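Subject: Structure handover and findings

Dear colleague,

I am passing the structure below on to you, together with a summary of what was found in it. Please read the notes with the model open beside them.

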Amino acid sequence: SQTYHITASRDGFYVNSSSLVRFSPEPYSEARGGQSGARDAEFYQAHSLIALLRRLSPRFARGLDDLQKEMSQREAVEVLPFVSAEQAASPWLVRGNENRVPQTYDVGQPQEIYLRLGAQAADSLRDWNEELQSIREMPRGNLSERVVRDRQLHKWYSEFAEAAIQGAMAVVDGEMPPLNPTDPDEQHMYLRDNIFYSKGFDGRETFTELGGDAAAHVATGKDITGVRLLNQLDIDGLHTLGSVVVDYRGLRVVAQSVVPGIFRRQETTQIVYGSVDSGVTVGADEDFHKLLEPVAKALHFGEHAVADEAGNEVKLYTSADVKGLTGTDGRKYLLDLFRMTPMDIEFLESQCTEGQDAVADSALPVYHHRLVLLRPELLDIFWENSVRKAVQEYAVEKAKRSQKEESKAGGQTGGEGSDADKQPAETADKDKGGETKPSSDDALPEFAFSLDFSPDAFTPLQARLKAKEGEGSESAMDAAVRSASRFLRDVSVPAFARELASYTTSPLSGDALVTAMHQRGINMRYLGAIANLLPSDAEIVRNVRRLVVFEMVSRAVKHIVRGLFQATPAHLHSEALALVLNALVGTRRCASPAEHLSAEAKAVPQLAALTPKLLADEVRAQVALRFRFELAADFVESMVAGNERILLREVCQKIGAQLALRQYHFEQPTESDVYSEIVSSMGFGSGKMTKTSKRLVRERVDEVLQQKLVVGSDDVLNFVALTKVSTHNSSFADEAFEAGRMSLEQGQRQMGLELLLESLALHEQTFGFLHAESARCYAVVSLAHYDAGEHELAADFMTKA
């Protein structure tokens, strides 16, 4: 073997004449020219490093050829890099060990971090917050600068989400020591790689009056929504933290980048806007107040007053629970953005308070927390609807005024006298006011519309201010919040139920149903109201009503499983989930699944006592508590029977469980059916089988027939982390995409296609090929070509999607 030292130059790469003890940049061909064994000068230099290495090392050339041949046999999605802050697709059915595709060891994967960050950066901690804020401060004056900035933001969010998920899983698995080990487990905080982790519990009793742990759990998800809203507005000088919420094995973990100086008790890092002590003191920094003015305008918030515990009146734009602080880096940060929308006051007063008529007149329990907020989509819809209504009323009033003026003018024309008769009257009018003024009846003010909401409406801080001032009536902003709440209950929910009943909207899965509801600003707590509006005896809505009910049942099971996981050791989680699934969808095959638990699992009281009837009663109780809907006592027999596979899929996706890819029999199968399935799955077909094949098939058939449960603990192969992230969208690409869609709807096909292709190029530059937004652009372009009869182009684009 021989060692070569290579130098990079403007002409390419060449072998220099250095040795292990002496550095010499002189080309090898010039220093060793004419010596025995030395080749010509062209052999020792090349424009490409790969080409030069192939010449110097035949073994490298053979290995590279083998690697390229192996890569060409793989799917494209295995080769292309996947960079997305959104969670990658995690199917609920995966291959088991017996039919898993063999994978080869990739020697380059352990070196990926060194190739990407370098040897020194790979061993050092990343300052996530400084990276994020520096990227946000990049110039964005033209298109190219915006594309570069969006690409860097997307890359940062993707890498931060990946690191946060790994850290959150380490927190749940007990692999990360807490910063405060002497405190209770719910109050533990963690720090790794400059990412701060906390659990989704009310450890510091901040949400005691709002519902404790239940309100804290909801607040973590609402905080991500608030961060996403501010990221979309992208206000200069206003900064937010990188945030990820991770649900894994029954626990919710919040991961955030660290604010500079947050762990130092200095004057410069104190809260200067909002309240950190539940309204005891409220700050209102003028600089923060000016920064939040465009935020309030975009979110339709009005400047409102609140009072602290001492009775001092303070004016804010955002809720007092939103905290503003100045870090040691001089930047202004907003934290705790869970209350970036007002209260759903109608639901709060009717369902969250003891003794209310809506609760007292039914068997439904009081709602489990009081942090019931409106969605930002609903505020936008209600605001646009109010503007439309005001414009219509103004147009009607203007038309009436015009008709009145025309009729008045006609009467004056019919009875007008001579010019001499009118002159004294005009002179008298001028003498009184100096000029001729129109009468008040003829004046119509210019159109003006104002509708602002108060995020602190109907909160204790505002109630304290009203008590101080002695006001009993609602202000205009309070009335707007109440009107929006009534609009949600009386307009949006019934309208969506009518869309489902008429199949104007046809969601095919629980995720599609949730997306459709959120687009219309409807919260998940109204699932029961939607189900009640869909007639249970109508055959035409039977499927969609079952979808709504199964969404409630699967979410109720998710909360039940979360409680079981917290009471069960981690190594028994697979057995606990299998028990719940068998008690829910496997009762036709085994009426007592708890009898088949292991001895260690039977020692857990919550698992040993779980029966199908007990689980059904708990599901009914959770559905009544969370969704205000009364399930039938026999819902398992009347709705689940025959649709077990649908509910099994929904539950696994809500929990993040992955089951083995096989045929699940919800009733005891016959031997002939099992034999046909095994032969088909093993790929033998109708051909003649050997003795070995017959023996394997026979063993598999006997194994399936001997199974007592639908889902065994060995079938639960994995749990994946479910995430909520504050992703960054490319505003310019989204604008081009929406403009292209509108052009297609208006019949301007050529312009629409050009805009869609431009949006597609921007999405690929920002997010890459393997991203949901890029796939959506490909799908829309494909449909446009299909409508135009260009089926080959449509198939090509849809294949890429």
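Which residues of the largest nonpolar core touch the most other members? In this predicted model, the core comprises 147 residues, and the two that touch the most other members are Ile 530 and Val 619. Helix H19, which spans residues 542–567, supplies the largest share of this core, namely 13 residues. Apart from this core there is another one of ten residues, including Leu 756, Val 780, Ala 784 and Phe 797. As background, nonpolar side chains in soluble globular proteins tend to be buried together.

Once its neighbours within four places in sequence are set aside, Ile 530 has contacts with Val 493, Phe 496, Ala 497, Leu 500, Met 517, Ile 522 and Val 548.

Rolling a probe the size of a water molecule over the atoms shows where empty space is left. With a threshold of 30 Å³ or more, the structure holds one cavity, and the space in the largest cavity comes to about 70 Å³. Its lining is made up of Lys 222, Thr 225, Gly 226, Leu 337, Phe 338, Met 340, Thr 341, Leu 373, Leu 374, Arg 375 and Pro 376; sorted by class, that lining has six nonpolar, three polar and two charged residues. Helix H8, covering residues 213–233, gives the most to the lining, with three residues.

Some backbone angles also deserve a look. Most residues other than glycine have a negative phi, and with that in mind I would point you to two residues. His 300, which is not a glycine, has a positive phi near 65°, and it is found in the loop between helix H10 (293–299) and strand S12 (304–307). His 300 counts as buried because its relative accessibility is 11%, which falls under the 20% cut-off. Phe 458, likewise not a glycine, has a positive phi of about 65° and is found in the loop between helix H14 (419–433) and helix H15 (460–469). With a relative accessible area of 22%, Phe 458 is partly exposed.

Finally, there is a loop between helix H5 (112–122) and helix H6 (128–136), and Arg 126 is found in it. Is Arg 126 buried or exposed? Its relative accessible area is 15%, so Arg 126 is buried, and a polar contact of 2.6 Å joins its side chain to that of Glu 131.

With best regards

Technical notes: Residues are numbered from 1 along each chain as its sequence is written. This is a predicted model: local features need pLDDT of at least 70, side-chain atom pairs count only at pLDDT 80 or more; totals for chains, interfaces and linings use all residues. Side-chain values use heavy atoms; hydrogens and water are left out. A nonpolar core is a set of buried Ala, Val, Leu, Ile, Met, Phe, Trp, Tyr and Cys residues joined through side-chain atoms within 4.5 Å. Buried means under 20% relative accessible area, exposed over 50%, partly exposed in between (1.4 Å probe, protein chains only). Helices (H or I, at least four residues) and strands (E, at least two) are DSSP runs, numbered from the N terminus. Contact means heavy atoms within 4.5 Å. On a 1 Å grid over the protein atoms alone, a cavity is a set of points where a 1.4 Å probe fits but cannot get out, and a pocket is an open set with protein on both sides within 12 Å along at least five of seven lines; lining residues have an atom within 4 Å of a point. Grid points are joined across faces, edges and corners, and a volume is the space filled by probe spheres set on the points. Ala, Val, Leu, Ile, Met, Phe, Trp, Tyr, Cys and Pro count as nonpolar, Asp, Glu, Lys and Arg as charged, and the others, Gly among them, as polar. A polar contact is a pair of N or O atoms within 3.5 Å; within protein, one must be able to donate a hydrogen and the other to accept it, and residues adjacent in sequence count only if both atoms are side-chain atoms.
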